[in-house]
Protein chains: 2
Amino acid sequence: MPASVDLTYGEARTFRPLRFDRVKADSKDAARDVESVLELVLPKPNGSHHRVHEAMRYAVFAGGKRLRPLLVLNCARLFGVEPHRALRVAAAIEALHTYSLVHDDLPCMDDDDLRRGRPTTHVAFDEATAVLAGDALLTLAFEVLSHPDTHPSADIRCQLVSHLAKAAGNAGMIGGQMVDMEAANHPFDAPEVVSLQRMKTGALFEFSCEGGAILAGALASDREALRDYARDFGLLYQITDDLLDVVGTSEQTGKTVGKDQRQGKATLVSILGVDGARKEAERLAASAADKLDRFNDKADVLRELPFFLLDRES
Amino acid sequence: MPASVDLTYGEARTFRPLRFDRVKADSKDAARDVESVLELVLPKPNGSHHRVHEAMRYAVFAGGKRLRPLLVLNCARLFGVEPHRALRVAAAIEALHTYSLVHDDLPCMDDDDLRRGRPTTHVAFDEATAVLAGDALLTLAFEVLSHPDTHPSADIRCQLVSHLAKAAGNAGMIGGQMVDMEAANHPFDAPEVVSLQRMKTGALFEFSCEGGAILAGALASDREALRDYARDFGLLYQITDDLLDVVGTSEQTGKTVGKDQRQGKATLVSILGVDGARKEAERLAASAADKLDRFNDKADVLRELPFFLLDRES
């Protein structure tokens, strides 16, 4: 297999190419809208501690696909949630996601110099500032969720705080990163890799989808369907990420590539091979879309998104 | 001035020594009770990510004075709040305080090897685990506060989350640490040091006192009185901390001493001198106690605590 930059999935392309334009347009709108809310909720650089504000903004406004906000907005739309509320949840999740990138890139963690095509926060500032900016973004996520602007019902705000804390905490994202730190040269099998990824990236995808439903006070069965969707989606996303690490370039992805192999990290790509991983990604895309059967055509973007991801080049 | 280990404040000792036994007993009870709640809310080491659980527990159960829990419990008692609710707020604050110690001790921050008489978390484990354990403790604080066991009213739980996020965030504790990182060899004057300390340690003391009042849905004027008390208390605490760094020993304090001077950090002790700083601490103790005039004898421990701190040797 040549290290090609062509990530085309023939079948997916011929099968459902028509609605990708809509996904692209919706994705662009979501990014623009969540960035305008992030602009409002992030502190403006001020006072003698302005450096931490600058680092928070540097990390958040480095671009990024804003995929989690796209999920929040689309899932909230299924239930007719007012967009300005969904955007605050989306901004909180994006702030928290950014903190995880800043901390994961630290020299003592993945030691990465490049992220979203720019020097990582600890390179652009310094390690201490990066630790503090990450801490501040994590804390800000809970400040935003608990604010009455997010929802008039304190009960719903508390549910959001509680679910995000669980998704991002020791039994979710942080636990996954802990396992990942020990994954180098550890002979993980496929189920172990799936379990790791479900914690490390899956938990926040699950909250991104369920958050929209929580805002609406949706039925438990609807929430469960969205979590199931997010589970397939998150794993699919991780496989495409791992594929890019193998067959992509830094120019495309804006980050260091070839790392997993150098670090001897087991991924579904290293276990299943490139072709096997692609097949599994295609299977997950179809499975994710199926989970949305109960929703009508308002879920079209969510249905297409997994297939769109199969084609991602960054 | 000899580098004596005697921190006796003559006047304070003769003035109000009688009730110190009660402060000591109350302090011991508070530590025991909050530790039993921390034991319940901290994850038991489990799964392939057990290392982060072990590090969280190592950091939290390293001893410590549990001063913030003591404040929460005593302030909650002023309003007749049920102890098991106050204890959950106290546990959340102690988890968050511990995270700040773990991150502040990192090599890229204060680079400390010794804390509470034991190797710091990144020394006992490793830097990556210490970053993650700190992140997990911060996240856990919000999980605990947002849980219905903390208070049946979601509105009150949300207020707690919101106030803690502000106290601990970029405009509070984290902002103060950012300024402190740049304080080495920076010619801060006394008002600048006071402003830094009010953010770095004061904000969490303020929330510790106000948290008890929030649990009770107390009057704004009562909450303001407790914040005023906490402001004096926090500054007094910081002065006694800085004094110990100058005249204490590592055996006494369980942490590295003489650091501020080596790092050229301005403190109220370096600006006012040891005697001047002691006088200012005494003034603040009296001022803090005065702020409690509106409360009856239920505030006795809170009134004595600042004077007790004047005598602290660790």
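Let's start with the two chains. Turn chain B by 180 degrees, shift by 0.0 Å along the axis, and chain B lies on chain A with an RMSD of 0.0 Å. That is the relation of a two-fold axis. The same surface serves both copies: 100% of the contact residues of chain B recur in chain A. The superposition is by least squares on the C-alpha atoms of residues with pLDDT of at least 70 in both copies.

A word on the source. This is a predicted model, where local features need pLDDT of at least 70, side-chain atom pairs count only at pLDDT 80 or more, and totals for chains, interfaces and linings use all residues. Residues are numbered from 1 along each chain as its sequence is written, while chains are lettered from A and ligands numbered from 1 in the order in which they are written.

Now the interface. Chain B puts 42 residues in contact with 42 residues of chain A. In contact means that C-beta atoms, placed from the backbone, lie within 7 Å. On the side of chain B that touches chain A, α3 (50–60), α7 (127–146), α8 and α9 of chain B each give two or more residues. The most come from α7(B), with twelve. Helices here are DSSP runs (H or I, at least four residues), numbered from the N terminus.

Next, helix α9 of chain B, residues 173–181. How many of its residues are buried? Nine of nine. Buried means 20 or more other C-beta atoms within 10 Å of the residue's own. What covers α9(B)? The cover includes α3 and α7 of chain A, together with α5 (83–104), α8 (154–168) and α10 (190–215) of chain B.

Let's follow α10(B). The axes of α5(B) and α10(B) come within 10 Å and cross at roughly 160 degrees. That makes α5(B) roughly antiparallel to α10(B), a term for angles over 145 degrees. Among the residues making this contact are B:V89 and B:I93 of α5(B), and B:L204 and B:F207 of α10(B).

Then comes α11(B), residues 220–247. Its axis and that of α10(B) come within 7 Å and cross at roughly 135 degrees. So α10(B) and α11(B) are oblique to each other. Oblique is what remains after under 35 (roughly parallel), over 145 (roughly antiparallel) and 65 to 115 degrees (roughly perpendicular). Residues in this contact include B:F205 and B:C209 in α10(B), and B:L226 and B:F233 in α11(B).

Definitions and conventions: A residue is buried if 20 or more other C-beta atoms lie within 10 Å of its own, exposed if 12 or fewer, and partly exposed in between; C-beta atoms are placed from the backbone. Two residues are in contact if their C-beta atoms, placed from the backbone, lie within 7 Å. Axes are lines fitted to C-alpha atoms, for helices over the stretch in contact, and angles run from 0 to 180 degrees between N-to-C directions.
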